[in-house]
Amino acid sequence: MITAYDALFARLFEQSADILLVGDSLNMSFAGKNDTLSTSMDQMIYHTNAVCKGAPNTFVICDMPFGSYRDEATALTNSLRVYQETPADCVKIEGGASKAHLVKHLVDNGIAVCGHIGLLPQSVRAEGGYKVKGKTEHEALALISDAQAIQNAGAFILVIEGVKADVASRVAQSVSIPVIGIGAGNGVDGQVLVFSDMLGLYEPFVPKFVKQYMNGAKMVKESVKCYAKEVQSKTFPDENYVY
Ligand code: KIV
C-alpha cells in the first residue's frame, strides 16, 4: 500500500501497488498545513476522484477527515458521500475499540471500512505530539483489544501506525484480517508509506521509519535550477525544442 493524492502519481504507482490510500496526510504534503486536522470532505473527494482516475484498476481507500465520523449519523452521511461522489472502494477511520460502533454502523450500511490503530495522526493535538505506542504491556494489550474490536465490528483491513515492532507483530497475530504497518516493523502482513516521504519529496520532517527510495527534493530542485539557468542563458529552447 502507498499513499497517492493525484492522477499523475496514481498512474505511476498502479503497476506496483496493491492498494492506494488517499491519506489525509495530503493536507500536509499537498496543502502545506502542519497537521491533518483541517482536512475537509471536499478535499478528500477531489483527491480520491483524481487517484481513481489515474489508477482505475487499483483498490482505493479514502481517508475520512478529522471530525467527519464523530458520530454514527455523521460518519454514514460522509461515507455515503465518498461512495456516491467517487469510485473509491473503502473508507478509513482512525481509532480502536472506542470507534468500533462507528465501524459497525458503516459496515451494516454497506460501506467497506479500513481501521487505523496505534499512533493516530488526527489525535496529535489531543495527545500533545506524535507518540509511539506499545511501549508497555498495558499499551500492548490495549492495541490487541483495539484490533480485535475493529475486526469484530466488520473492518476488513487494518492500518497500524507507530507501534513497537514486537507489539505490532502480536497485534497482527491476534486478528485474521490483514494488518498493514507504517512505522510498525516487519512482523505485519503488509506495509504502507506516504509516497512523498518515500520518494524524498517532503522536507520538513522525515520520520525514523521512513526509507527514502530516492532523493526527490534534491532531484526536483536541481532540475528546476538547471531549467532556470538555461532559460536565463537562452540555451533553452534550442533547435531541438522548436516548431
Ligand atoms: O493519511 C495517511 O497518509 C495515513 C497513513 C499514515 C497511513 O493515514
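This passage walks through the overall build of one protein chain and then visits some of its residues.

The model is a predicted one, in which local features need pLDDT of at least 70 and side-chain atom pairs count only at pLDDT 80 or more, while totals for chains, interfaces and linings use all residues. Residues are numbered from 1 along each chain as its sequence is written, and side-chain values use heavy atoms, with hydrogens and water left out.

The overall build comes first. The protein chain contains ten helices and eight strands; here helices (H or I, at least four residues) and strands (E, at least two) are DSSP runs, numbered from the N terminus. Along the principal axes, the C-alpha atoms of the protein chain fill a box of roughly 65 × 40 × 30 Å.

Of the 243 residues in the protein chain, 50% are buried. Buried means under 20% relative accessible area, exposed means over 50%, and partly exposed lies in between (1.4 Å probe, protein chains only). The accessible surface of the protein chain comes to about 12,400 Å², and 55% of this belongs to carbon and sulfur atoms. Such areas come from the Shrake-Rupley method with a 1.4 Å probe, and for residues only the protein chains shown count as cover. Contacts (heavy atoms within 4.5 Å) can also be sorted by their spacing along the chain. Among those between residues at least 6 apart in sequence, 56% join residues at least 24 apart. As for charge, the protein chain has 21 positive and 26 negative charges, and their mean positions are 6 Å apart. Lys and Arg count as positive and Asp and Glu as negative, with His and the chain ends not counted; each charge is placed at NZ of Lys, CZ of Arg, CG of Asp or CD of Glu.

The cysteines come next. A disulfide is a pair of cysteine sulfur atoms within 2.5 Å, and zero of them are found in the whole structure. The cysteine sulfur closest to that of Cys90 belongs to Cys114 and is 5.3 Å away, so the two are too far apart for a bond. Cys90 is buried because its relative accessibility is 0%. Cys114 is likewise buried, with a relative accessible area of 0%.

In helix H8 (residues 165–174), the residues Val167, Ala168, Ser169, Val171 and Ala172 are buried. These buried residues of H8 pack against strand E5 (113–118), helix H7 (137–153), strand E6 (157–161) and strand E7 (179–182). Ile45 lies in helix H3 (residues 41–54) and is buried, at a relative accessible area of 6%. Beyond its neighbours within four places in sequence, Ile45 is in contact with Arg81, Val82, Glu85 and Thr86. From Ile45 to Tyr83 there are 38 residues along the chain, and their C-alpha atoms are separated by 9.6 Å.

Pro56 sits in the loop between H3 and strand E3 (59–63) and counts as exposed, because its relative accessibility is 57%. Although Pro56 and Glu14 are 42 residues apart in sequence, they are 8.5 Å apart in space, C-alpha to C-alpha. Gly200 belongs to the loop between helix H9 (195–198) and helix H10 (216–232), yet Gly200 is buried, with a relative accessible area of 4%. Setting aside its neighbours within four places in sequence, Gly200 is in contact with Gln212, Met214, Asn215, Gly216 and Ala217. Gly200 and Lys225 are 25 residues apart along the chain, with 18 Å between their C-alpha atoms.

Lys234 is exposed, with a relative accessible area of 74%. Pro237 is also in the segment after H10, and a cis peptide bond, with omega about -5°, joins Phe236 and Pro237.
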